[in-house]
Amino acid sequence: MKKLYIKISIIIISLTAFASCSDDFVNVDSNDINSEDYFNSEEDYQNALIGAYDLLQATYINVMLGEIASDNTLAGGESATDVIGIQEIDDMIHTPVNSNLRDLWGWMYGGVNRTNFILEFQDKTDFSGKEQVIAQARFLRAYYYFELVKWFGDVPLAVDKQILFGEESSYVRSPASEVYTQIELDLIYAADNLPLVQTETGRVTKGAAQALLGKAYLYQEKFSEAAQALETVIQSGTYSLVTDYNTIFEAEGENSTESVFEVQYTDLEGAGFGCLQCSEGNIAVGFSGVRNYEGPDFTSGFSFNVPVQEAYEAFDSDDPRRDIAILNIDAWATATGATFGTGFEHTGYFNRKYIPRTRSDQALADLNLTNPNNYRSIRYADVLLMAAEANNRGGIDEAKAQGYLNDVRRRAFGDDLHDITATGASLTNAIYLERRLELIGEGHRFFDLVRTGKAVQEINGFQAGKHELFPIPAIEIQLAGNVWAQNPGY
């Protein structure tokens, strides 16, 4: 089921250009493979493509920080200095020397460079089905650039060319609008050339490209284009809401009919703190687990990313999603006899969607760094809610907006008694709230608040005109010869 990722370690070892544990804006290992001796067969392209997929697993930090930076969760951990970069982002006091933001920047540019390595030599060798390889590479490049532009705004834009060591100063920070234009071009190509269903689990599809395209349009408030792209996903008949919300985040819920795009993880290869992105497991899961937990269903973790009481109480008391999304550890301990420890900023709540589950097998190294829980990057419920927002905010079709919103609510409650009948601005706010409830713990909340202009009123310490973006890592500006301006306020 996860064979696309199980074989990554073998390929990465053989392709040292993709092996570095310090992928950064510049891939200093790029020349270890002579392009004249590579990309001479379909196998070469496929191996390079799997290397490009590999950096998706590093997006665990994007997901976790997308919650911690929002009003949904606190940093948590063992103490106020436990992973200080995460603590700073939680408190909105992060700076250009934040190590977690540098990781995020470097890993996403590592992904960009891996895709550009393929695309730079896309015309070297022909073989049947090559357009699908190129389409997957272009989707992945769009995915990595979308992460970069939403975190940092204007970023250096390289297209079909690796950024080699020593070339940093020749790149400027391209306007976000230009980056989005390239994202759109890549995703349109991918959607035109990918199948609705892949034979190998984990590879991207036409629907994934259309959904990410719709999301990119929505972030730019191109509501008509967003509605059209998302409608294509909905009308494809490929996806549906699973009946039981409780199953979505369990092992049996992986790669379901609700999963439009899912990042695959496995516990078949261990990792350590010296190279977190080398793990094939979902590190965010162990980080979000209950400290010193002993009891049924779950295993212990590091107690980061802890939901706040206000997020728990945002749910109606009869909303069954509440206790599926958020674990009330005191109630759980009373009901099951479980015991647990408390860490820094203990709220009594944990992100139940992504905490370690009990399983019979054992990872090869630190269990908390090699959890196999997949990340549901784009769910069909998200597609419906984005389509509802685009139709509502774009003044396109309010009945359709209500319908898609209520599809999500009916799955949650099991009936139509909780349908939303509001229109206009009231419907907009209902959609925003539903996004929080349906997608809590999945890394979207901070960016939803920023793009809708609500961050300053919802996030403690958020400064308008500054915190909409995160700082460019100082070391990257220095490596580029100090020719890049820093983001405002930093």
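## Helix 15 and helix 17

In this predicted model, helix 15 (380–393) and helix 17 (residues 424–439) have axes that come within 10 Å and cross at roughly 165 degrees, the axes being lines fitted to C-alpha atoms over the stretch in contact, with angles running from 0 to 180 degrees between N-to-C directions. The two helices are therefore roughly antiparallel to each other, a label for angles over 145 degrees. Helices here are DSSP runs of H or I with at least four residues, and strands are runs of E with at least two, both numbered from the N terminus.

Helix 15 passes helix 17 in a left-handed crossing, that is, one in which the near helix is turned anticlockwise from the far one by less than a right angle. Contact, defined as heavy atoms within 4.5 Å, is made by Ala381, Asp382, Leu385, Met386, Ala388, Glu389, Asn392 and Arg393 of helix 15 and by Gly424, Leu427, Thr428, Ile431, Tyr432, Glu434, Arg435, Glu438 and Leu439 of helix 17. By class, this contact has eight nonpolar, three polar and six charged residues, where Ala, Val, Leu, Ile, Met, Phe, Trp, Tyr, Cys and Pro count as nonpolar, Asp, Glu, Lys and Arg as charged, and the others, Gly among them, as polar.

## Helix 6 and helix 7

The axes of helix 6 (residues 99–120) and helix 7 (residues 130–152) come within 9 Å and cross at roughly 155 degrees, which makes helix 6 roughly antiparallel to helix 7. The crossing of helix 6 and helix 7 is left-handed. Among the residues that make the contact are Leu101, Leu104, Trp105 and Met108 of helix 6 and Ile134, Ala137, Arg138 and Leu140 of helix 7; by class, the contact has 16 nonpolar, three polar and three charged residues.

Helix 10 (residues 223–235) has 13 residues and reaches 18 Å from its first C-alpha to its last, close to the 18 Å expected at 1.5 Å a residue, the expected span being 1.5 Å times one less than the number of residues. Phe223, Ala226, Ala227, Ala229, Leu230, Glu231, Val233 and Ile234 of helix 10 are buried, where buried means under 20% relative accessible area, exposed over 50%, and partly exposed in between (1.4 Å probe, protein chains only). These buried residues pack against helix 9 (206–219), helix 15 and helix 16 (398–413). Just after helix 10, Gly237 takes a positive phi of about 75 degrees.

Gln210, placed in helix 9, is buried, with a relative accessible area of 11%. Leaving aside neighbours within four places in sequence, Gln210 is in contact with Ala191, Ala229, Thr232 and Val233.

Most residues other than glycine have a negative phi. Met92, however, has a positive phi near 60 degrees; Met92 lies in the loop between helix 5 (84–90) and helix 6 and, at 3% relative accessibility, counts as buried. Glu345 also has a positive phi, of about 60 degrees, in the loop between helix 14 (329–336) and strand 9 (349–351), and at 24% relative accessibility Glu345 counts as partly exposed.

## Leu327

Leu327 is in strand 8 (residues 326–328) and, at 3% relative accessibility, counts as buried. Not counting residues up to four places away in sequence, Leu327 touches Val290, Phe298, Trp332, Gly348, Tyr349, Phe350, Arg352 and Ile355.

## Basis of the values

Residues are numbered from 1 along each chain as its sequence is written, and side-chain values use heavy atoms, with hydrogens and water left out. In this predicted model, local features need pLDDT of at least 70 and side-chain atom pairs count only at pLDDT 80 or more, whereas totals for chains, interfaces and linings use all residues.

Notes
Angles under 35 degrees count as roughly parallel, over 145 as roughly antiparallel, 65 to 115 as roughly perpendicular and the rest as oblique.
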